[in-house]
Amino acid sequence: MKLLSKLTLYITLSKLAIVLLFILLLPRLINDVAFQYTNYTLQEQKKEVLYEINKNGIDYYFQGDSSYGSYTLLKEEYISLEPAGRGITRDTIETSRRIVENDTLTYRVLIHEFEFRNKKYMLEIGKTIAAINQYNQPLQRVALYVLIALIALTLFIDLVYTRLLLRPLGIIINTRLVNRRFPFKEHLPLIKTTTKDFKYLDNSLIDLMNKIHEAFDKEREFTSNASHEMMTPISILQNKIENLMLDNDLNEELQEKIMGIMKTLNRLKSIVRSLLMISRIENDQYVKSERVNIKKLVEEVMNELEDRLEARGIRFRLSFSNDHILQHLNRDLLFQLIFNLVNNSIRYNKENGEISITGYLDPDKSYRLLIADTGVGIASKDLDTIFDRFKKSGPAEGEGYGLGLAIVKSIAQYHGMRIEVKSEYGKGSVFSIIFPKELIVKKTE
């Protein structure tokens with residue numbers, strides 16, 4: 001999962017968790033707020049009553065009676081004032097029951113005892129719990145709506161900000177890592193960002209790619225120079241040995257030894273040529289401007305290898321849906337690619353085996369060329385390394401140098417093609433060459 005997706009999921013789940021927690025705590029919170037507000041209003045009413053008593057006297061409420069009592073029409077609130085007995089002075093707010101006109105109701109009651117002109121009085125101010133709670137549900141709904149609106153707003157802001165914050169990281173990934181072709185020849189500008197971590201990451205990747213490019217250039221230069229330099233002494237040695245073989249005084253044993261040396265030199269010369277070819281491909285020394293009829297090219301390859309096919313009794317089958325014309329290619333390199341794959345199919349095939357080559361368009365409009373054989377196959381542990389240089393996939397007749405598939409890989413990468421391999425050890429292999437749709441110019445029925 002991408003970092004942006006993880007952050008989006010985390011932000012969304014955390015907001016939902018807050019909403020769920022708030023929903024669970026909301027009734028209690030609203031109830032506490034309602035009771036705190038009720039306590040405050042009771043205290044304010046108490047101050048008002050004491051102010052009236054200090055201003056107008058206690059008779060302002062008693063008016064000749066021994067006590068005073070007043071309550072609203074629905075008995076939601078009441079005030080009671082009466083003389084208090086001796087004892088501990090009470091000053092508290094509590095929830096208790098009161099009887100009002102034969103109705104027993106639960107009130108939130110403020111009880112306050114005070115002295116006025118050396119006499120002790122008890123003041124009670126009450127409000128029913130039902131009246132306190134009647135606004136709880138509307139308040140809960142309003143609070144919930146406000147919370148959901150705030151959560152939605154903050155969620156939107158968080159997601160937009162997160163996307164903007166991580167945008168440089170996405171640019172770094174897409175431009176520095178995705179679809180970058182080794183050896184990283186392009187010089188890309190620095191990513192514009194104010195985040196130090198992203199700047200550090202971008203600079204580190206650029207430095208790393210530059211070092212890889214420099215190391216690759218040095219390796220490629222060494223391979224090219226070494227290949228060029230080795231060709232001269234090898235050719236000189238071959239000429240001297242050929243001249244030596246013309247000497248009639250050589251006995252049979254010495255001639256066999258010289259033939260062995262000549263064979264070794266030919267092998268060395270073939271290796272040097274292969275390395276030189278890979279070096280030239282990697283140095284972009286081949287022109288990609290030709291159009292190729294892929295079916296005719298395959299037929300040319302098979303004609304060249306016809307003797308080897310007959311020598312081993314291998315059957316050959318060719319199947320093409322149409323004669324497709326491919327463009328922006330180097331014909332000689334493509335010929336070498338197919339030649340190497342078919343040659344391997346012969347070398348690693350069984351006696352009286354079979355090779356089939358199939359060409360067709362994929363549903364995504366790319367062109368696929370399949371080269372299948374009934375040979376010894378490739379062990380699964382070797383599939384990831386068969387294109388490495390000097391890597392041989394298994395025993396076969398004749399001698400290989402482990403450079404055939406390395407050349408195939410270089411040619412494919414040079415043309416922007418892909419190669420897929422499927423193989424089962426002991427049953428054969430299938431090499432798929434996928435030409436991107438940009439290389440297809442037309443097809444002839």
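Residues are numbered from 1 along each chain as its sequence is written, and side-chain values use heavy atoms, with hydrogens and water left out. As the model is predicted, local features need pLDDT of at least 70 and side-chain atom pairs count only at pLDDT 80 or more, while totals for chains, interfaces and linings use all residues.

Side chains of opposite charge can pair when their charged atoms come close. With a salt bridge taken as a side-chain nitrogen of Lys or Arg within 4 Å of a carboxyl oxygen of Asp or Glu, the count comes to 17 salt bridges. One of them joins Lys127 and Glu77, whose closest N and O atoms are 4.0 Å apart. This pair links distant parts of the chain, since Lys127 is in strand 5 (residues 119–128) and Glu77 in strand 2 (residues 77–83), 50 residues apart. Strands (E, at least two residues) and helices (H or I, at least four) are DSSP runs, numbered from the N terminus. Lys127 counts as partly exposed because its relative accessibility is 21%, and Glu77 is partly exposed at 29%. Here buried means under 20% relative accessible area, exposed over 50%, and partly exposed in between (1.4 Å probe, protein chains only).

Strand 5 also holds Glu124, which ties to Arg98 in strand 3 (residues 91–100) across 26 residues of sequence. Arg418 is partly exposed at 43%, as is Glu420 at 29%. Both residues belong to a network of salt bridges that also includes Asp362 and Arg368.

Helix 7 (residues 294–304) packs against helix 9 (residues 331–347) at an angle of about 55°, with the axes 10 Å apart. Axes are lines fitted to C-alpha atoms over the stretch in contact, and angles run from 0 to 180 degrees between N-to-C directions. The two helices are therefore oblique to each other, where angles under 35 degrees count as roughly parallel, over 145 as roughly antiparallel, 65 to 115 as roughly perpendicular and the rest as oblique.

Ile129, in helix 3 (residues 129–133), is buried at 16% relative accessibility. Its C-alpha lies 6.0 Å from that of Thr106, 23 residues away in sequence.
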